[in-house]
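Hello,

Here is the structure I promised to pass on. Please open it alongside this message; my notes follow below.

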Amino acid sequence: MLSKISSSLFSPKLKLKLKLKPKPFYSFILSRSAATLTVRNSKEKAKAALAKEKRRTRSTKEFNKDAIIEQCLIGESHTHHIPVMLAEVLDVFSNTRLTSFVDCTLGAAGHSAALLRAHPELTHFVGLDVDPLAHHMAQSRLHAASDSSVNVFTVLRNFRHIKGVLRETGSQQLLGVDGILMDLGMSSMQVDNPQRGFSVLADGPLDMRMDPQASLKAEDILNSWPDSEVGRILWEYGEESNWRTLQKKIVEARLRGGLHSTTDLLDLIQRVTPAIKGGRQGWIKTATRVFQALRIAVNDELKTLEDSLYSCFDCLAPGGRLAVISFHSLEDRIVKQTFLDIIKGSEDVEEGESINHDLRKTIEEVKAKEAWIRQVICGSNGTILTKRPITPSGEEEKLNRRSRSAKLRVIQKH
């Protein structure tokens, strides 16, 4: 009623004038407000980015890409894979006497070959991987890095079976393993091979199996699993906000014959991803999250990781260390929480009052010897040597893009 009365106070000519010729003052105010909002948003983003950077525990190790590539050449083919945070991994075990070591994710043996060279005292080495190609490529590198005094075992097995593998290789005779490494990232060999189905930039089958002998493929999930399970995977494993629309379109695609290649899936994602500034980057980011979700589901990665962390810690000798490199928030969260549960405590050595004096002294001595250790968390069963995960140096992030999301956490057994 009030709006009608107010409107009637103006003549048609006046209303037309106001409509066609808005006063410059109002336009100035509106444009100024928009500009202010843009500046404010930019400042807030910059402030958030700075705060995030301050929270990071960046590595200070020098990254020499050429030296690492030269070290990682494989045989006559000159195929190379750059191991992520190699200098940092060597640092973690540099002050530990390693007579036995397990690489749970052997890959092309970049980390392991460097550790074998750095620790001539090693007598027992076990490398696990489910990828036959990686297993084959690792052989020449391990052979070149070790001598006859080292018992080297490479096993085509998932790291969830670490206890069984150690029994089979005669490692049960040991009192425990001195060092264990888990690099949860995918190798270049896997990503760059279109037939594995991992890449969002190449056409290939919807496979995504880390173990080629496994039965479940990404294609099976997309074309056969219940609607609700497909949605759950996209939301929980991919953290994809547009999961409902994607779930609906995936189910609709089944009526037209289903999805059978990475291109089929990428075309679907492109069609349903809202257009945003930056265009191509928008749907590629969505595709990356969807591919991550499917890969995790196909390989049951998160449950396998959690179970394996407990098994690996059980296999450590007193004073032994477990180092884990993760590449996305879901993995890192599991590593962090599992480590806290393993040590049965959450006291900072700098602040905790109930820590045993001898233990405090031991930790302080370790920190004095090893510059990479900054803040630790002590418990009754072990000590987390990385209260905050170590992230790659700025130089490594620039020169090795696949390292950008890497986070290294380390735990030591008492």
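A residue counts as buried here if its relative accessible area is under 20%. Phe-125 has a relative accessibility of 0%, so it is buried. Keep in mind that this is a predicted model.

**Aromatic residues**

Phe-93, Phe-101 and Phe-125 make up one aromatic cluster. A search of the whole structure turns up two aromatic pairs. In one, the ring centres of Phe-93 and Phe-101 lie 5.2 Å apart. Their planes stand at 90°, so this pair is edge-to-face. Phe-93 is buried, at 0% relative accessible area. Phe-101 is buried too, at 2%.

Phe-101 also pairs with Phe-125. This pair is stacked, with 6.4 Å from centre to centre and 10° between the planes. It links distant parts of the chain. Phe-101 sits in strand β2 (residues 100-103), and Phe-125 in strand β3 (residues 124-129). The two are 24 residues apart.

**Helices α5 and α6**

Phe-93 leads on to the helices, as it is one of the α5 residues that meet α6. How do α5 and α6 cross? The axes of α5 (residues 86-94) and α6 (residues 110-118) come within 10 Å, and the crossing angle is roughly 45°. That angle makes α5 oblique to α6. The crossing is right-handed.

On the α5 side, the contact uses Leu-86, Val-89, Leu-90 and Phe-93. On the α6 side, the residues are Gly-110, His-111, Ala-114, Leu-115 and Ala-118. By class, this contact of α5 with α6 has seven nonpolar residues, two polar ones and no charged ones.

**Helices α6 and α7**

α6 also packs with helix α7 (residues 132-145). Their axes are 9 Å apart, at an angle of about 10°. Angles under 35 degrees count as roughly parallel, and α6 and α7 are therefore roughly parallel to each other.

Which residues make the contact? From α6 come Gly-110, Ser-112, Ala-113, Leu-116 and Arg-117. From α7 come Arg-141, Leu-142 and Ala-145. The contact of α6 with α7 divides into four nonpolar, two polar and two charged residues.

Gly-110 is worth a look when you go through the model. It is listed in the contact of α6 with α5, and again in the contact of α6 with α7.

Best wishes

Conventions. Residues are numbered from 1 along each chain as its sequence is written. This is a predicted model: local features need pLDDT of at least 70, side-chain atom pairs count only at pLDDT 80 or more; totals for chains, interfaces and linings use all residues. Side-chain values use heavy atoms; hydrogens and water are left out. Axes are lines fitted to C-alpha atoms, for helices over the stretch in contact, and angles run from 0 to 180 degrees between N-to-C directions. Helices (H or I, at least four residues) and strands (E, at least two) are DSSP runs, numbered from the N terminus. Angles under 35 degrees count as roughly parallel, over 145 as roughly antiparallel, 65 to 115 as roughly perpendicular and the rest as oblique. A crossing is left-handed if the near helix is turned anticlockwise from the far one by less than a right angle, and right-handed if clockwise. Contact means heavy atoms within 4.5 Å. Ala, Val, Leu, Ile, Met, Phe, Trp, Tyr, Cys and Pro count as nonpolar, Asp, Glu, Lys and Arg as charged, and the others, Gly among them, as polar. Rings of Phe, Tyr and Trp (its six-membered ring) pair if their centres lie within 6.5 Å; planes under 30 degrees apart count as stacked, over 60 as edge-to-face and the rest as tilted. Buried means under 20% relative accessible area, exposed over 50%, partly exposed in between (1.4 Å probe, protein chains only).
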